[in-house]
Amino acid sequence: MGSTEACEISRTKVETALGTVSIASDEKFVSIESSPLLLPERHESPTSVLLRLAGVEDVRCLGDAGPVLASAVNMENVGNPELRRYEAVFGRDALYTAEFLSQQYPQLEAGTVRHLAAYQSEGADSRSMSSRGKVPNHIRPPDDPLAVRLTAETGRRWPWYGASDTTVQFLLALCRVLTRGPELFHELVVYPPGHEKAGVNVRWDDAPRKLGGVALDAGRWLLGELGRGPHEDLLWVPLNRKDSFTVWTDSPNAFHHRSGRLASVPVAPVQLQGQVYDALVALAQVCYAHDIHGQLPEALSAHAERLRVALPELFAVSDERGTFMASALDSRPPKPSPMAVRTVNMGFLLDSEVLAGSELQALREVIVEQLFTATMLSPFGIVGRARDEVRFEKFDYHAQVWGFAVHKVANGLRRSGYPALARELDRRVLLQARDGLLPENVGAGPEDELQYCQHVLTVRRQAADGSDTTTVKERPPAPYAAWTAGAILEIEAQLAAPQADEGPVLARPEHSHASTFERRILDGLTS
């Protein structure tokens, strides 16, 4: 499908007390506050940060205290509350961290899924966005100051289940755990420390919960969600109780058309469909491994196959910029349409079996070519949104370079048979840590200098559902992000492995053994 939309928005310069900022023409400036990110005097190793976030003192104990916290700060930033917003269990962040480290520290992934399994929802509640089989994305005590504020603003209850991708990630992680240890299928689920029922077996309908049952109920939730929306073979996501989407790119402006027009709700994000496919296939395999036959595994397999067929047909876009995968599908009638915007999320598909097979090699290659274009590549990885897209700003929250997302793409390149390109991206991710931080994200400009957002920019704008909303457009990154730590630790382990290319870690990798396709891309890089 082509893309010929006329541009609906432009960029506007606004003079502020902190200098000139650029916003979209459909956004109104509200405020800007300085929030400096201070660099550490002493560099802390990624392993030390990981142990702090995991609440343990030895890597052998990873997972014993459950999931990692999403972030932490260096001593110089202890007094800045803006940098400490994510010092809690966020299911999505914890699951990506555990995924990256599942080969080195499988016990972390096991501890993470055990913890989240205890919070799996037995029923539905609109205020917490829970439904039967879902796991939470955000766990805080209800009296936590930030929890109190968010409840006052949105009416949400805790724990918070308002993420569609977290349960999909959880299901895939749990299937990996059950594949590594089939006996865990029958392990009892116990409420973890910090829960008001800590140490007690979880029970539903007066029966004890087991990890296998948790997986099956998460799968039933997923199948039920696939039955909703304009196209039943895709997973569609709504807004949460305020203005954000329920995937990792949750900003109100995260999903828009090439013209800048915001998406209609719900949307079908491209990266989520790859995760859904893998989760469906993985759970079907777990079912058969435990002699569970019949309607459930058959439905899982059938949905997976239909999704695999539908994905290229619905998401592939071709125009003067080349062929790429749209960021998402819009649900606006009369039929779903692709949002022809290039984002890092199309690269997530490479780390999924949904695009496996020789018949999809050409599609995999055009995705790779797009990710390595000058408008998407940064000295520190891949930008969240291509620089020539109308809503790009280098510090716009989800337009920035996210280390975990770049590493996810690198793993996909490795899986797809492009190890030299994977190492090139991982080299750039390692550069994000050269100041001694493991930042949540870095600026998406083309400069070789690491840039961090040093302010909180608030704007008034329209949400995707048409409501007016006041939200933060730009904010400083968490200094130590768990998923960045996980990404860097996996990169270091891959570099230390015998099959890794020779050469200094931070030097551009030699690519004499790269494929012709890889060499052509690598030889064309300018930074």
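This is a predicted model: local features need pLDDT of at least 70, side-chain atom pairs count only at pLDDT 80 or more; totals for chains, interfaces and linings use all residues.

Reply: Residues are numbered from 1 along each chain as its sequence is written, and side-chain values use heavy atoms, with hydrogens and water left out.

Me: How many aromatic pairs does a search of the whole structure find, and what makes Tyr86 and Phe90 edge-to-face?

Reply: The search finds 14 aromatic pairs. The ring centres of Tyr86 and Phe90 are 5.7 Å apart and their planes stand at 80 degrees, so this pair is edge-to-face. The rule is that rings of Phe, Tyr and Trp (its six-membered ring) pair if their centres lie within 6.5 Å, with planes under 30 degrees apart counted as stacked, over 60 as edge-to-face and the rest as tilted. Both Tyr86 and Phe90 are buried, where buried means under 20% relative accessible area, exposed over 50% and partly exposed in between (1.4 Å probe, protein chains only).

Me: Why is the pair of Phe348 and Phe404 called edge-to-face, and which parts of the chain does the pair link?

Reply: For Phe348 and Phe404 the centres are 6.3 Å apart and the planes lie at 85 degrees, so the pair is edge-to-face. It links distant parts of the chain, 56 residues apart: Phe348 is in the loop between strand S13 (337-338) and helix H9 (361-371), and Phe404 is in helix H10 (residues 403-415). Helices (H or I, at least four residues) and strands (E, at least two) are DSSP runs, numbered from the N terminus. Phe348 and Phe404 are both buried. Ring pairs also join them into a cluster with Tyr96, Phe100, Trp248, Tyr397, Trp402 and Trp483.

Me: How do you know that the charged end of Arg209 sits over the ring of Trp204?

Reply: The distance from the charged end of Arg209 to the ring centre of Trp204 is 3.6 Å. A charge sits over a ring if NZ of Lys or CZ of Arg is within 6 Å of the ring centre and within 35 degrees of the ring normal. Arg156 likewise lies over the face of Trp160, at 3.9 Å from the ring centre.

Me: What term describes how H6 and H7 lie to each other, and why?

Reply: The axes of helix H6 (residues 211-226) and H7 come within 11 Å and cross at roughly 135 degrees. H6 and H7 are therefore oblique to each other. Among the residues making the contact are Gly219 and Leu223 of H6 and Ala279 and Leu283 of H7.

Me: What makes Glu87 partly exposed, and is Asp205 buried or exposed?

Reply: Glu87 has a relative accessible area of 25%, so it is partly exposed. Glu87 is found in the loop between S4 and strand S5 (89-90). Asp205 has 61% relative accessibility and so counts as exposed. Its place is in the loop between strand S7 (203-204) and strand S8 (207-208).

Me: What is the phi of Asp205, and which residue does a cis peptide bond join to Pro266?

Reply: Asp205 has a positive phi of about 50 degrees although it is not a glycine. Asp291, also a residue other than glycine, has a positive phi near 60 degrees, and it lies in the loop between H7 and H8. A cis peptide bond joins Val265 to Pro266, with omega about 5 degrees. Another cis peptide bond joins Pro333 and Pro334, where omega is about 10 degrees.

Technical notes:
Axes are lines fitted to C-alpha atoms, for helices over the stretch in contact, and angles run from 0 to 180 degrees between N-to-C directions. Angles under 35 degrees count as roughly parallel, over 145 as roughly antiparallel, 65 to 115 as roughly perpendicular and the rest as oblique. Contact means heavy atoms within 4.5 Å.
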